[in-house]
Amino acid sequence: MAVSRRRFLFTTAAASALAALGKSSETLAEAGGTGITWTKGVCRYCGTGCGVYKGVMGGKLVAVKGDKYNHNQGFLCLKGFLLAQVPNHPDRLKKPLVRKNGKLVETSWDEALSLVAKRFKDSVKKHGADSVAFYGSGQGYTEESYAGNKLFRAGFRTNNIEGNPRLCMASAVGGYVTSFGKDEPMGCYEDIDHADVFFLIGSNTAECHPIIFRRIAKRKETGGDVKVIVVDPRRTPTARIADLHLRFKPGTDLAILNAMAHVIVKEGMVDEKFIKESVGFGQGKAADKSWEDYKAFLETYTPEYAEKVSGCPKDDIIAAARIFGAKGKRTLSFWTMGLNQRTRGVWANNLCHNLHLITGKIGMPGSTPFSLTGQPNACGGVRDQGGLSHLLPYGRLSGKPEHRALMEKLWGLEPGTLPDRPGKHAVAMFQALESKDIKCIYIMCTNPGQSLPNVDRYRKAMKSKDTFVVVSDIFPTRTTELADVVLPAAAWGEKEGVYGCSERRYQLDSKVVEPVGEARPDFDILVDLAHRCGFGDLLPWKNPAEAWDEIRRIAKDTPYAFWGITRERLHKDHGVLWPCPTEGHPGTKRRYVRGEDPLVPADWPKRMMFYGKPDKKAVVWFRPQKDPQEVPDKEYPFYFTTGRVIEHWHTGTMTGRCKELAHARRDAEVEIHPDDAKKIGVRAGGMVKVTSRRGSVVFPANVTDTSPRGMVFVNMHDEKRMCNEITVDAYDPGSKQPEFKICAVKLEKA
Ligand code: SF4
């Protein structure tokens with residue numbers, strides 16, 4: 001049955017109207033969906049991982065509605081509702097493109113992939129295995145990322161495997177591993193329904209994770225005396241529901257977190273039994289200190305001292321500590337890029353964990369430290385699957401000989417096949433492209449030509465005629481314009497695969513329509529490329545389901561065990577939380593907890609077991625306040641920060657093509673305090689030139705007191721006015737995550 005344009009618009013409009021009303025979409029079928037076939041899937045955008053149903057009519061994806069049996073209880077934000085427009089957009093890439101005489105021209109798949117195979121193989125032969133690299137994404141399916149990982153590590157034999165989660169989540173990984181021994185949050189979304197206190201730090205949850213925010217707001221409305229603390233220099237929409245909003249100078253929140261711990265300790269809000277049983281104390285590399293040492297470390301961090309450093313009133317810090325630490329109350333912390341995208345991101349994560357560990361508000365319904373994720377599969381597809389240069393699949397490390405040996409056994413490789421040389425993290429990878437140490441790079445499902453910090457520098461490297469850049473994507477982007485080969489990828493709805501969201505929930509996203517033009521799923525493209533390179537035996541699968549069975553086997557007997565999450569179960573269930581070691585296991589809401597986590601022995605004598613640590617204890621780290629890489633000075637007197645807005649997502653390549661979202665907010669603006677606007681003589685809508693040590697961009701002014709005096713904010717979604725021409729590419733020494741959130745700029749009327 002062909003679908004008329006009118007019918008398509010009607011169905012999309014019905015979805016938008018319901019979303020605008022903030023309604024569950026289960027009534028969509030009645031609102032105009034008769035004749036639509038609905039298939040279960042997962043939202044393509046943020047790491048909340050909302051369950052959806054995809055509506056197909058006449059072979060075309062026409063609508064999306066929320067899955068009321070999934071954690072999002074049928075609700076979606078506007079972006080999710082309007083997803084059906086994305087694969088149908090006329091800008092879709094439909095044929096492979098190869099650069100000839102400086103121009104990208106259409107070609108066949110055979111010519112494009114033969115060229116890619118030849119260039120990569122020749123480079124390895126001539127310049128060694130580390131002259132090639134793979135840059136993946138938290139938006140690819142797990143099977144796709146796994147295929148890329150295996151092809152490059154076991155085939156080309158390089159550890160130059162990275163993914164864009166390095167730019168958004170690496171500090172959370174570093175925080176979880178150093179504090180608890182293993183990556184990934186230990187709690188679940190259901191904890192929101194049990195919490196008495198929400199501590200939202202470095203997270204504009206209302207705009208970046210709207211469905212999680214909806215659940216928090218509902219809990220606040222219905223849960224009795226529920227308190228919300230927001231810690232953010234900006235007065236974001238999230239702060240509107242705050243009982244207490246801590247505002248401070250960017251980069252000084254480490255002092256605030258230590259001062260909160262200071263008050264908690266001084267006022268006896270600690271859980272001494274839990275500390276004695278399950279907490280160790282660290283300084284530097286080893287957990288070799290004591291509770292007394294920690295108390296001595298905190299002595300400096302009086303609320304008065306923190307106020308001096310941060311500008312946040314001491315009474316607010318004391319009040320926050322008292323609400324967080326109140327005996328008998330359950331506290332849930334959420335954070336995301338505000339803590340992670342920092343040169344001290346790992347430390348900031350550790351300090352949040354510390355508050356939960358010293359109060360014992362952890363591993364109980366409503367009490368957990370929870371880092372939210374920006375992309376749909378950063379957790380499942382990259383962090384868990386081992387898609388970062390220092391990792392191997394499921395918690396193993398590329399630098400550990402015994403882990404490489406185990407992976408060689410599991411992959412059926414000769415001993416010594418897997419490289420022992422360290423791979424390059426994201427910024428270093430593009431710096432190596434600049435220095436020509438890396439000559440060929442394969443970029444899958446992401447847009448580093450817009451999303452890297454200090455982006456102009458790396459755009460030049462990608463554009464150079466001495467480098468060979470392959471990009472697979474669904475639309476033309478600021479990265480495809482730099483590529484030598486562009487591969488048209490199948491879009492959401494045109495392929496299937498597994499996503500793992502922030503709460504360790506693995507879900508199957510379904511194929512419901514055929515790809516447009518000659519587009520192909522990234523999984524098929526990588527398998528084809530492997531065969532052309534002579535590595536077909538490494539990627540022998542006929543479809544993603546076969547790869548999933550191998551992935552389950554690789555993860556078996558690790559702390560990530562999900563042998564029980566079979567393909568059949570994924571088709572049937574609305575997501576399962578790992579660990580899930582057997583097919584009959586229901587999944588795990590709370591990790592490390594006796595009686596909940598199957599990896600904790602039933603006879604373990606304590607409430608929690610941090611089995612990733614040698615002594616099974618979590619670590620309270622001593623992390624001092626440290627300034628960010630750049631602070632304002634005479635020449636660059638303003639703080640510059642970046643982030644998201646509710647209408648758009650990532651680099652805006654998809655949401656910018658949804659007409660309602662583009663209409664709602666198209667271009668990036670610079671958010672500037674009225675006093676600062678007055679100082680430079682700019683009115684609302686006037687143009688402001690923002691200049692850092694790396695570049696200048698002119699933005700229209702949004703004059704508002706959302707940002708404090710002395711700080712400006714720009715959203716990251718605009719592909720014309722790119723905020724990353726301004727941001728700094730300094731990174732955290734541990735996680736290697738860049739400091740997108742803070743740099744110094746000057747402002748001029750333009
Ligand atoms: S909250 Fe995130 S996952 Fe849920 S519908 Fe919105 S964009 Fe999609």
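Biologist: Two strands pair if DSSP finds at least two bridges between them. So which strand pairs with strand E17 over five bridges?

Modeller: We're in a predicted model, where local features need pLDDT of at least 70, side-chain atom pairs need 80 or more, and totals for chains, interfaces and linings use all residues. Residue numbers start from 1 along each chain as its sequence is written, and side-chain values use heavy atoms, leaving out hydrogens and water. E17 covers residues 440–444, and the pairing is parallel. Within it, Met444 has Ser472 as its bridge partner, and the strand at residues 468–473 that joins E17 over five bridges is E18.

Biologist: Which strands stand at the edges of the sheet with seven strands?

Modeller: That sheet is open and mixed, running E5-E4-E19-E18-E17-E6-E7. An edge strand has a single partner, so one side of it is left without a neighbour in the sheet. Here the edges are strand E5 (103–106) and strand E7 (161–163).

Biologist: Which helix lies across E6, E7 and E17?

Modeller: Helix H4 (109–127) lies across E4, E6, E17, E18 and E19, at about 130° to E19. The helix across E6, E7 and E17 spans residues 426–434 and runs at about 140° to E6. That one is H19.

Biologist: Is H5 roughly parallel or roughly antiparallel to H22?

Modeller: H5 (142–156) and H22 (522–532) pack with axes 8 Å apart, at an angle of about 20°. Angles under 35 degrees count as roughly parallel and over 145 as roughly antiparallel, so H5 and H22 are roughly parallel.

Biologist: What's the order of the open sheet of three strands?

Modeller: Pairing here is antiparallel. Strand E1 (37–42) and strand E3 (60–66) sit at the edges, each pairing on one side only. E1 joins strand E2 (residues 51–57) over six bridges, with Lys54 in E2 as the bridge partner of Thr39. The order is E1-E2-E3.

Biologist: Which helices each supply at least two residues of the shell around the ligand?

Modeller: Around the ligand sit residues including Cys43, Cys46, Lys79, Gly80, Pro210 and Ile211. The helices that each give at least two of the shell residues are H3 (78–81) and H9 (210–222).

Technical notes. A residue is near a molecule or strand if one of its heavy atoms lies within 4 Å of it. Helices (H or I, at least four residues) and strands (E, at least two) are DSSP runs, numbered from the N terminus. Contact means heavy atoms within 4.5 Å. Axes are lines fitted to C-alpha atoms, for helices over the stretch in contact, and angles run from 0 to 180 degrees between N-to-C directions. Angles under 35 degrees count as roughly parallel, over 145 as roughly antiparallel, 65 to 115 as roughly perpendicular and the rest as oblique.
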